[in-house]
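Hi,

Here is the structure I promised to pass on.

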Amino acid sequence: SKTSFFNEDENIIELNDNSWKLAISSNQQWLIVFYSPFCPHCQHFANTWKEIGKKYKGSKINIGAINCHESWSLCNKNGIRGYPSIIGLNFGILKKSVVSIGGKSFDSIVSWTEENSSNKNDMTNENAIMLENQNLSKSFATCEDRLIDAFSSLYLTLADGVLVSNSLGHERVDSLKRVLLVLAKSFPEESIRVSIGDLIQKIAEKNFSQNIMSWNDTINEWKNGISKMNQGWPAASKETLRSINDPKNYTSGLWSLFHILSLSISSNTINPSEAVETIKSVVDNFFGCEQCRIHFLIAFNNCDAGACSAKNSKESMVLWVWRMHNKVNTSVAKYKAEQEKEIAKSLWPKSSECPLCIIGETDYGYPIWNEQAVYDHLNSVYWCREWNYQNQVKYLGLIGHITKHLNFWKITILTFLIIVLLFKIYLRIKRKKTRLRKS
C-alpha cells in the first residue's frame, strides 16, 4: 500500500486482520505500533520504529506495525484511541497478554522491552515521551490547489478521525453535525457545500452513535457521490487527491482548511465564534494524533497565540490560526535546530514571500511582524477572488431544512409545550370571564 510506512522494511512486519490473528495466537513476543499515515507524530516516529526493527533483527522479538487507515476495524477492536500507540504482545509472566507501552522514544521502548522480556511482571511504563508536531507549513501555486488539499484533508478527517473510537457516542455525533453544518455554510465551492448537506442528512437518518461500523460505508458512498455529481469543480472529483497519495500532505491540507475557514467569515456565511469552535472541535474529537490534540488544547485553554480574542473579529480569527500554525512550525524546528536562529527560520511568511510582513527582527533572529500586512498576505494566498456565495441564500434554505430535520423532536416537543401553555392560558381567561358574569 502507498500509505503504509514499513512495507519495504525487512525488519518490520505490516500486520492485517489475518496475520494479527496468527500473531496473537502464537507464543511469540511482539512489539507492535498502531499508526495512521496521516498522523504527524506517526510520520515523525516512523524512523524511531525502523531503528527498533534494526535493534531486534534476528532476535526472538518480532517487530510489527498496523496501518489503522487500512485496518481501522482491527484498531477499533484493540481500543486504539490515538496514534501512534505501541503494545507488547506475550510479554511478562502471563502469556497472551497485550500491554500498552507508554514511552515513544527509542531508549524508553528498549528499556521496557529488555525489562519485560525477562518475564518480569512490571507491565507498564507511564513515562511517555511527548513528540512535537512535524513541519506543517507548505505552499502550493494557487489558492485552488490549497482548496483541493483542504477538501482532501476534510475527507480523510471524516474517514479516519471519526473512527478513532469503538463508538461515536451522542456527544461526538453532535460535534460532527455542528462541524459539518459550519462547513456546509462556509466551504468556498458550492457543489461541496451541497454534498456536505447530503452527508448531514445521512447522519440524521442513521444511528452512528450505536453502529460505527456502517460509517466507513457511508463516507465512501459520500465520496463516490461527489466524484459522480461534480461538474462545476472537476478538481474535487479526481481520485488522486494529493493528501491521499501522500500522507505527509494531510496536515498541510488541514491547516489550509483552517485558514480558508477563517477567511470565509462574513455576514452571509459564519461568524468568528463558529469558526473557532469548529477548529477546536475538529482537533479535539476527530484528530487521531493524540499528542497533537493535547498540545493544541493546552495552547487553546491557555489563550496562547491570541486564542481568547479569536472570536472578537474576522481579523483576530485569521491571525490566531496563523499564529498557531507558526507555533507548530517552531515546535518542529526545536528538534532539529542547534541554534535559536535556526528555529526562527521556520516562521512564515518569509520576507521573500511578503516584504511588508516583516519590519525587523530580534537579537535571536525572530521576525517582528506587521500583522496587518500578514492579514492581507493570508487573504491573497488562501482566498481566491473568484470565490463567492452568490447561491448562498438558496443554499442556506437547505441548511435550514436540514437543521429542522436534525432537531425534529426538539421542535415537536417545544411546539407541544407551547400549545399546552396557550390552552392553559385560554382556560384561565375563560374561567375568569365566567366568574365575572356570575358576580
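A salt bridge here is a side-chain nitrogen of Lys or Arg within 4 Å of a carboxyl oxygen of Asp or Glu. By that rule the count is eight salt bridges.

Before the details: this is a predicted model, where local features need pLDDT of at least 70, side-chain atom pairs count only at pLDDT 80 or more, and totals for chains, interfaces and linings use all residues. Residues are numbered from 1 along each chain as its sequence is written, and side-chain values use heavy atoms, with hydrogens and water left out.

One of the bridges joins lysine 185 and glutamate 274, with the closest N and O atoms 3.0 Å apart. Lysine 185 sits in helix α6 (residues 169–186) and glutamate 274 in helix α11, so the pair ties together parts 89 residues apart in sequence. (Helices are DSSP runs of H or I, at least four residues, numbered from the N terminus.) Lysine 185 is buried at 16% relative accessibility, while glutamate 274 is partly exposed at 24%. Buried means under 20% relative accessible area, exposed over 50%, partly exposed in between (1.4 Å probe, protein chains only).

Helix α11 (residues 272–286) also packs on helix α12 (residues 290–301), at about 145 degrees with axes 9 Å apart. Axes are lines fitted to C-alpha atoms over the stretch in contact, and angles run from 0 to 180 degrees between N-to-C directions. Contact (heavy atoms within 4.5 Å) involves residues including Val276 and Ile279 of α11 and Phe296 and Phe300 of α12.

Cheers

Key
Helices (H or I, at least four residues) and strands (E, at least two) are DSSP runs, numbered from the N terminus.
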